[in-house]
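Subject: Structure for your files

Hello,

Please find the structure below. My notes on it follow.

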Amino acid sequence: MRQANQITFGGGGLERAAILRGDAAAMQRLWADGATRVLPFWRGKPLCAPGGLGWLPCAQQVVSRGRDQAVFLGLAHGGARFALDLSDWQPDEMPTTLGAFLDPSEQRHPGLPDTHAFAELRREMTRLSPLEAELAATARAVLGWHGTHGFCAACGTKSVVTEAGWQRQCPACGTRHFPRTDPVVIMLITRGNSVLMGRSPGWPEGMFSLLAGFVEPGETVEAAVRREVAEETGVAVGPVNYLASQPWPFPASLMIGCHGRAESGTITVDPTEIEEALWVSREELLAVEAGENPVIQPAREGAIARFLLRMWLADRLD
């Protein structure tokens, strides 16, 4: 299981074995190996079992037909691990919460074990081991990319899956396409004894987190931190340094955690960016962590925001 104060998806030591991706014979052997397992996904939700992820043998009838579309994740737990998208399946009832911030619904496929269900990864991530979390994050991000990049961006022709799921190639113009990762800065902005926190429209009531935003083309991480904080709150930021990172497969971001020191304290919120922002003192944040703050709820367990906040509280940023 995940250890306390650990960043979920933050790296579990997966042997990605990238050298095997272009070896069609090796992929065929691995798919036929009895130790190989496949993790199905439905609409971005991994198959989950009572003990964690719902890995299935390749011979399982529902997944056995999907070898050509399966993504090779790497080697783990003594065998190869693949992921497969089953989003074409239609359950009897489609949930109204699908795509919501935290989808509570579960879907059970009639061809899969009764104990297994597709569940929102945000709900399940904190009960996964670091390795399982890395596998799930990798699978969700790459399968999500395939779902939205089925056609060549150069000529519009439908592309085909190659390199065991890690590339798409256009049969018309030959252009190769690769999974994308979007860099996002998430900022622990401090001023004296306080940290800057905010909330976006549509978040659950009481949910506050650190400010975050996408890095723009041609921009350094440090410049992105200063720009995003200034745009969202009007606060000027001076020195910035890197702290930690977290893959965030919703859909395919890399959260780059930084510490910035504010040079001004007045907050002027841009309502098109965020709903509210405020300075929170160490004492107030301790009450938040204890569940005793009437306004602010703790940041999500396993998210890099909570990790950074806890490190700041413990005076362990250096």
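Helices (H or I, at least four residues) and strands (E, at least two) are DSSP runs here, numbered from the N terminus. The model is predicted, so to be clear on terms: local features need pLDDT of at least 70, side-chain atom pairs count only at pLDDT 80 or more, and totals for chains, interfaces and linings use all residues. Residues are numbered from 1 along each chain as its sequence is written, and side-chain values use heavy atoms, with hydrogens and water left out.

Backbone first. Ala-17 lies in the segment before helix 1. Although Ala-17 is not a glycine, its phi is positive, at about 45°. Phe-250 and Pro-251 are joined by a cis peptide bond with omega of about 10°. Pro-251 sits in the loop between strand 14 (237-248) and strand 15 (253-262).

The segment before helix 1 (24-32) also holds Arg-16. The side chain of Arg-16 forms a salt bridge with that of Glu-134 (3.2 Å, N to O); the term means a side-chain nitrogen of Lys or Arg within 4 Å of a carboxyl oxygen of Asp or Glu. Glu-134 is in helix 4, and the two residues are 118 apart, so the pair links distant parts of the chain. The count of salt bridges by this rule is 16.

Three strands form an open sheet in the order 8-9-10, with antiparallel pairing (two strands pair if DSSP finds at least two bridges between them). Strand 8 (160-162) and strand 10 (176-177) are the edge strands, each pairing on one side only. Strand 8 is joined to strand 9 (residues 167-169) by three bridges, and Thr-162 has Gln-167 of strand 9 as its bridge partner. Helix 4 (residues 130-148) packs on this sheet and touches strand 8, strand 9 and strand 10, contact meaning heavy atoms within 4.5 Å. The direction of helix 4 makes about 20° with that of strand 9; axes are lines fitted to C-alpha atoms, for helices over the stretch in contact, and angles run from 0 to 180 degrees between N-to-C directions.

Last, a helix pair. The axes of helix 6 (residues 282-289) and helix 7 (residues 304-313) come within 11 Å and cross at roughly 125°. That makes helix 6 oblique to helix 7, since angles under 35 degrees count as roughly parallel, over 145 as roughly antiparallel, 65 to 115 as roughly perpendicular and the rest as oblique. Helix 6 contributes Arg-282, Leu-285, Leu-286 and Glu-289 to the contact, and helix 7 contributes Arg-306, Leu-309, Arg-310, Trp-312 and Leu-313.

Regards
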